[in-house]
Amino acid sequence: MSGFCIEGGYSFEGEICVQGAKNAVLPILAATIINGGKNVIHNCPRLRDVEKTVDVLRALGCRVVPLGNTLVVDSEPMDKFTIEDSLMRQMRSSIIFLGAIIARCGEAVVSMPGGCEIGIRPIDIHMKALERLGIEITEEHGYILCRAEKLSGAHIHLDFPSVGATENIMLAAVCAEGTTVVTNAAREPEIVDLQSFLRRMGAKVSGAGTSTIEIEGSARLYGVDYTVMPDRIAAGTYLACCGAAGGKILLKNTNPGDMTSTLSCLSGMGAKIRQEKNSVYMSAGKRLKAFGTIRTMPYPGFPTDMQSPFLALGCTASGTGVITETIFENRFQNAEELLRMGADIRVDGKTAVIVGVKRLHGAVVQARELRGGASLVTAALGAEGTTTVMNAEYIDRGYEGFEKNLSMCGAHVARIN
Ligand code: EPZ
């Protein structure tokens, strides 16, 4: 088990080149199995979740060669359509492979992905949508068995704009006969990135980024060379870190257009923000103003993945902030750990009320999931004294070189085993 040891109180001055987007590269890697060709994926972040996805690709028979931040995936030799329970349990978002495996093989067997620390994460919307494409789904001994004599295009309306379900439908529908229209689709930028990848493969997909996406089944698809979009959540997390420590930061390889709600919230807190096409510059004084109210919503609303870093940021802002988490049912766990650092947070169901204190103090705290772990580091950067954040493995799932990037901006962060 490893952790981060953080000496708080050092202001930021530096720049970070933002990693490729975890939540874009995972569905794109799943899409590589559909074209049965050779794919070269650039700007691929080196993360534990990407490693687990590569394990799944190899288990299905694909050849994968990692070359730094480039992954070469040859899916021609794929000869399996089952993802074993051990692999599914290591990363629940492997459910995103379902649509792609069915598109390639006409059948798929995966184990129930199970929940995780932030919620039970049901997959009913995925299942209902895939059945609309003509897929027969049965469940046996904890496994989901899917078969499709023929995939047929359909009109699918999602009860909730689920990101994963939208992606699963897109992946299955590229090989369906006829046209599929998805209404109430998720609008996240990662879905637009997946559409760009699928188009590059030769698929006919349009509308991503809006609530209505249209996919026309295509017979011939090709392996592609593709560069993944920047990670808007990693970028927002580094801005929150700078807000907690005070100082200034330049983020390169980022897309401010994907981060409007995060940037607007930071400006409202008194941070000075300058956006260019592929960069964001931010400067923040020693103490930001409270953010008032934050309500997490599907894109383009405030991202649920930014909720934890902003919960930490609100702990030392001047004034009271209220956060309502509408997406996941258990995403305030890190509040308990922030209380150990002297925060004043009261959680009641979906709502947290944060009364800003002048300064937090260092403590030994436990990361229990990815974004909650990142929020503990955020809080520690502005705290008085030393903080040890245990279970860095959770943070490594989503942030490449987290401690290196923070140290390059003047923070005193070291990884400890
Ligand atoms: C994706 O998860 C992201 N993960 C999450 O990021 C992100 O928080 C989430 O979208 C929302 O933006 C990846 O892209 C790998 P959803 P996903 O389906 O697809 C409920 C991170 O920290 N739901 O939009 O699982 C679900 O329980 C991770 O990087 C159903 O009820 O999100 C949740 O309450 C965390 N039935 C809500 O919808 C379903 O069939 C949003 O889920 C599917 C989802």
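Reader: How many nonpolar, polar and charged residues does the shell around the ligand have?

Author: Please bear in mind that this is a predicted model. By class, the shell comprises 10 nonpolar, six polar and eight charged residues. In total, 24 residues surround the ligand, and the closest are Asp-124, Ile-125, Ser-162, Asp-305 and Ile-327.

Reader: Which atoms of Asp-124 lie 2.7 Å from a nitrogen atom of the ligand?

Author: A polar contact is a pair of N or O atoms within 3.5 Å. Here, an N or O atom in the side chain of Asp-124 is 2.7 Å from a ligand nitrogen. Ser-162 places a polar side-chain atom 2.7 Å from an oxygen atom of the ligand. Ile-327 uses its backbone instead: an N or O atom there lies 2.5 Å from a ligand oxygen.

Reader: How much of the ligand does the protein bury?

Author: Taken alone, the ligand exposes 820 Å², of which the protein buries 86%. Helix 1 (22–35), helix 5 (124–132), helix 6 (163–173) and helix 12 (370–382) each give two or more residues to the shell.

Reader: Why does the ligand lie between domain 1 and domain 2?

Author: Both domain 1 (3–19 + 230–416) and domain 2 (22–227) contribute residues to the shell, so the ligand lies between them.

Reader: How do strand 20 and strand 21 run?

Author: Strand 20 (residues 345–348) and strand 21 (residues 351–355) run antiparallel and are joined by four bridges. Arg-346 stands opposite Val-353 in strand 21. Two residues lie between the strands of this hairpin, in which Gly-349 takes a positive phi near 65 degrees.

Note on methods:
Residues numbered from 1 in each chain as written. Predicted model: local features only at pLDDT ≥ 70, side-chain atom pairs only at ≥ 80, totals over all residues. Heavy atoms only, no water. Near = heavy atom within 4 Å. Polar contact = N/O pair within 3.5 Å; in protein donor to acceptor, adjacent residues only side chain to side chain. Areas by Shrake-Rupley, 256 points an atom, 1.4 Å probe, with all protein chains shown as cover. Nonpolar A, V, L, I, M, F, W, Y, C, P; charged D, E, K, R; others polar. Domains from an automatic or database assignment. Pairing = 2+ DSSP bridges.
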